[in-house]
Amino acid sequence: MPAPTSLHLADALPATHGDIPDPAPEPHPRSGLKGVLLPVAVVLAIGTIFVSVYLAAFHAPRPHDLPVAAVGTAAEAHSLEADLERALPGGFEVRPYGDEVAAREAVEHREVYAAHLPDHGQGSGKLLYAGANGPSVTGTLTAAFAQAAAQDGPPPAGEDILPVSAGDTRGLSVFYAAFGLVLAGYLFGMMTYQAAPALRFRQRIASLTLFGALGGIIVALLAGDTGFGALPGSFAGTAAVTALMAMAAGGATMAIVKWTGSAGAAIASVILLIFGNATSGGVMPPFYLPDWLHPLSGVLPVGAGVRALQGMSYFHDDGLWSGLAVLATWIIACVALLYLRDTRSARKARLRTA
């Protein structure tokens, strides 16, 4: 009788809690009319959601209560608020600041997106803004403040106190890096079950970790000083944040596919690729989103990662620690869901063979 091979011995040994066998998903063949109609319905539904969400977010973007600072007396702040309301109704929330130093610091920490300094001599004062927020924000601010000052004199002189990196002239590199990572995470979450459907739990989590670590290093090399010079944050910080984004997207896709089966690919694409990227804040801040999309920016992995990268690169770490906490929560929750699903499947398999 031939000796059992190492593969047979591994299959015969009981799985430990950290090395749960991951049975391959059962195939779901579709034939006939269902096979004809199902792909059409699913893909058209995803396409409809994509077009609806992106048009809702970007067809006519305008800010909603975008915070700005007004330096001066309470009467001057109230007057500026009234002028901005006429220029762009509902667009701005004016916050009073006592002096230029405090207002400048607020812009640098992204507590406000601009600060207006009055000129008590002549002219319409000065407008401090951060070009790192992107050209859309800059254009909105300069146009609104110019219109607000139209009745009293020339527009305020602008001063960009946090310009965008020279390697990122349109301020979109964070968005493209985030989109690429989320797409890669989605594809990883799908391919890990296609390429290795029976991989054990411990090995699959190791694969996810390796994917995230290498993805973070690659993005940091490409986007940082060693590559295009698009993100001025530190190499280690950029690599860490992007690694967590990749792991969160990959882990979320894995968990969704594992718990929902054949519908997982569609569900994950809607959550991560459509809602995630549309609300990420990489193109323009969440204050430009409709009210029903705005809350997603802070809880989905893409938005948390984008704000962390922007804050680390330009805004004195604004949003960095909260973003890391959100990404870590996604990773831990998804790993726990995968573990729970695998232990549940293993328990059912043992009961069937008992």
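Helices (H or I, at least four residues) and strands (E, at least two) are DSSP runs, numbered from the N terminus. I am working on a predicted model, where local features need pLDDT of at least 70 and side-chain atom pairs count only at pLDDT 80 or more, while totals for chains, interfaces and linings use all residues. Residues are numbered from 1 along each chain as its sequence is written, and side-chain values use heavy atoms, with hydrogens and water left out.

**Entry 1: H6 against H8**

I looked up which residues of H6 meet H8. From H6 I noted Ala 178, Leu 181, Val 182, Gly 185, Tyr 186, Phe 188, Gly 189, Met 190, Thr 192 and Tyr 193; they meet Thr 242, Met 245, Ala 246, Ala 249, Gly 250, Thr 253, Met 254, Val 257 and Lys 258 in H8. By class I get 12 nonpolar, 6 polar and 1 charged. My classes are nonpolar for Ala, Val, Leu, Ile, Met, Phe, Trp, Tyr, Cys and Pro, charged for Asp, Glu, Lys and Arg, and polar for the others, Gly among them.

The axes of H6 and H8 come within 8 Å and cross at roughly 40 degrees, which makes H6 oblique to H8. Axes are lines fitted to C-alpha atoms, for helices over the stretch in contact, and angles run from 0 to 180 degrees between N-to-C directions. Under 35 degrees I call a pair roughly parallel, over 145 roughly antiparallel, 65 to 115 roughly perpendicular, and the rest oblique.

**Entry 2: H6 against H7**

How far apart are the axes of H6 and H7? I find 11 Å between helix H6 (residues 173-195) and helix H7 (residues 201-223), at an angle of about 155 degrees. H6 and H7 are therefore roughly antiparallel. The contact residues include Leu 181 and Phe 188 of H6, and Leu 208 and Phe 211 of H7. This contact divides into 8 nonpolar, 4 polar and 1 charged.

I also checked Ser 173, which is in helix H6. Its side chain makes a polar contact of 2.8 Å with that of Asp 168 (a pair of N or O atoms within 3.5 Å, one able to donate a hydrogen and the other to accept it; residues adjacent in sequence count only if both atoms are side-chain atoms).

**Entry 3: H8 against H10**

Helix H8 (residues 235-260) and helix H10 (residues 301-313) have axes that come within 10 Å and cross at roughly 175 degrees, so H8 is roughly antiparallel to H10. Among the contact residues I noted Val 241 and Met 245 of H8, with Val 306 and Leu 309 of H10. The class count here is 9 nonpolar, 4 polar and no charged residues.

**Entry 4: the sheet**

I traced an open sheet of 5 strands in the order E2-E1-E3-E4-E5, with mixed pairing (two strands pair if DSSP finds at least two bridges between them). Strand E2 (92-97) and strand E5 (157-160) stand at the edges with a single partner strand each, so one side of each has no neighbour in the sheet. The twist averages 25 degrees from one strand to the next.

Strand E3 (residues 114-117) pairs with strand E4 (residues 126-129) in the antiparallel sense over 4 bridges. Helix H5 (residues 135-148) packs on the sheet, touching E1, E2, E3 and E4, and its direction makes about 165 degrees with that of E4.

Notes
Contact = heavy atoms within 4.5 Å.
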